Amino acid sequence: MIDSILLVDDENLFHLVFEDACSLLDISLSLEGIDSSDEAAKLFEGWQKDPSGKPECVFVDLNIIGSSYDGIELIRKINFEYGNHVVIGIISSSNEPEEQAKALQAGAQFWIIKSDDIEPRLEDFKKDFDGYKNRTNPFKVYK
Amino acid sequence: MIKLDKNTKSQLIDLYKTKRIGLEGNILKVIDSEGDEEFASYVKDSIDRDKDSRRKRLDITKQVQSQNIDLVKWKEENVKIQLELKESLEKTENSMREMEFLKEEAEFARLEAERMKEEAENARHEAESARHEAENAKKVAEGDLELIQKKTQFELIGTIVKVALWVILGVGGVTTVMYLVALSTGLDTTVIGSTWSNIIGILLTNAFSIVGTIMGVKYASEKKD
């Protein structure tokens, strides 16, 4: 089971779906949801100094309305500016290969496609999580 | 993992049994029942109840989410339709404005054509008037020319008449003088007498002929006018 998850998504309704799905599937013990990439960046900046409370895994939406930058840019910042080695990836309704290539370049480890039936994808992700944690799994798209 | 003392466990179980109130959420995942079967059963029931409620909430949330997506799509569609309507309205207004402009241009062109027609009419009248004036001037010039010609003719005729009269009078006078001299001096008048009568006859004939010719010419000229 994943210890803690951070979800960065501007759609608050999806926060509820994600939280309930994770709870039902015993994916994580704790889950925090925020709706802004700027807020996420600030949190990671703080965790550089004091890593207590830092999540084990981060799910980032591709397009975060009302934020200064999109999900791919946030992943790039977390990976290359804040140097926090968390399992990180995109959760989006988009399935654009070009965007997925950009996410991979930014250091994303997975891409989960949002849909009504999110649970099977999260279950697959749960199985692969240890591989992402050990950095042994390649980039994967959960369709 | 969290370990609870026996009293707390017993209170939690009693609360569940009497009021159906149990623990909820992820806290249940970190409680260690420490081999207490009754409490383990309580934790399992609470987890099941929590999962049921979460399943129900998840289903409802998904429905709401789906409806929300539909609403967003409808809203986008609505905005798109409104934009299309706005564009159509603008196009119609532009077309109306263009039509109005074309109508104004046509009206202007019509007025211009009427103005040009009036100008052309005026120009035609002016040309007509100029033609009449030119014709009148031509007639006047022709009349003047004819008058000059007649004047010249009359002057010439007058000169001819004068010369002819002088010649007639001269010849007649000389012949008469010679005949009178011959008569007064007693010279032979046979030749001079017949010559004088011939000359006088010829001169009279010619004089009448000249007068007749002049009168004829004058009569012909007056008739022509």
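**A working chat on chains A and B**

Student: Which residue follows α5(A), and what is its phi?
Tutor: α5(A) is followed by A:Arg135, which has a positive phi, near 65°. Please bear in mind that this is a predicted model.

Student: What about α5(A) itself: how far apart are its end C-alpha atoms?
Tutor: They are 21 Å apart. Helix α5 of chain A covers residues 119-133, and at 1.5 Å a residue its 15 residues should span 21 Å, so the two values agree.

Student: Where is the kink in α5(A) centred?
Tutor: The kink is centred on A:Lys127 and amounts to about 45°.

Student: And which residues of α5(A) are buried?
Tutor: A:Leu122, A:Phe125, A:Phe129 and A:Tyr132 are the buried residues of this helix. In general, an α-helix has 3.6 residues a turn, so residues three or four places apart point the same way.

Student: Let us take β5, then. Is A:Phe110 buried or exposed?
Tutor: A:Phe110, which lies in strand β5 (residues 110-113) of chain A, is buried because 25 other C-beta atoms lie within 10 Å; the threshold for that class is 20 or more.

Student: Which residues is A:Phe110 in contact with, leaving aside its neighbours within four places in sequence?
Tutor: The contacts of A:Phe110 are A:Gly89, A:Phe125, A:Tyr132, A:Phe139, A:Lys140 and A:Tyr142. A:Phe59 is 51 residues from A:Phe110 along the chain, and their C-alpha atoms are separated by 9.2 Å.

Student: What pattern does chain A follow along the sequence?
Tutor: The order is β-α-β-α-β-α-β-α-β-α-β, with five helices and six strands. Of its 143 residues, 40% count as buried. Among contacts between residues at least 6 apart in sequence, 66% join residues at least 24 apart.

Student: How many residues has the largest nonpolar core?
Tutor: It has 42 residues, and those with the most contacts inside it are A:Ile5, A:Val8, A:Val58, A:Val60, A:Ile75, A:Ile88 and A:Ala108. A:Val58, for example, touches A:Leu6, A:Val8, A:Ile78, A:Val86 and A:Ile88, when residues up to four places away in sequence are not counted. Another core, of five residues, lies apart from the largest one and includes B:Leu28, B:Ile31, B:Phe39 and B:Val43.

Student: On to chain B. How many of the 149 residues of α2(B) are buried?
Tutor: The count is nine, and α2(B) is thus hardly covered. The buried residues are B:Phe39, B:Tyr42, B:Val43, B:Ser46, B:Asp50, B:Arg54, B:Leu58, B:Thr61 and B:Lys62. They pack against α1 of chain A, together with α1 (6-19) and β2 (31-32) of chain B.

Student: What span should α2(B) have?
Tutor: The 149 residues of this helix (residues 37-185) should span 222 Å at 1.5 Å a residue; the end C-alpha atoms are 213 Å apart, which agrees. After α2(B) comes B:Gly186, with a positive phi near 85°.

Student: How many residues does each chain bring to the contact?
Tutor: Chain A brings 11 residues and chain B brings 14 residues. On the side of chain A that touches chain B, the elements that give two or more residues are α1 (12-24) and β2 (28-34). α1(A) provides the largest share, eight residues. By type, that side of chain A has seven nonpolar, two polar and two charged residues.

Student: Finally, where in chain B is confidence lowest?
Tutor: It is lowest in helix α3 (residues 190-224), at a mean of 79, and highest in α2(B), at 91. Chain B averages a pLDDT of 88, and 98% of the residues score at least 70. The model scores ipTM 0.79 and pTM 0.62.

How values were computed. Residues are numbered from 1 along each chain as its sequence is written. Chains are lettered from A and ligands numbered from 1 in the order in which they are written. This is a predicted model: local features need pLDDT of at least 70, side-chain atom pairs count only at pLDDT 80 or more; totals for chains, interfaces and linings use all residues. Two residues are in contact if their C-beta atoms, placed from the backbone, lie within 7 Å. Helices (H or I, at least four residues) and strands (E, at least two) are DSSP runs, numbered from the N terminus. Ala, Val, Leu, Ile, Met, Phe, Trp, Tyr, Cys and Pro count as nonpolar, Asp, Glu, Lys and Arg as charged, and the others, Gly among them, as polar. A residue is buried if 20 or more other C-beta atoms lie within 10 Å of its own, exposed if 12 or fewer, and partly exposed in between; C-beta atoms are placed from the backbone. The expected span of a helix is 1.5 Å times one less than its number of residues. The bend at a residue is the angle between axes fitted to the seven residues ending there and the seven starting there. A nonpolar core is a set of buried Ala, Val, Leu, Ile, Met, Phe, Trp, Tyr and Cys residues joined through C-beta atoms within 7 Å. pLDDT is the predictor's confidence in each residue, from 0 to 100.
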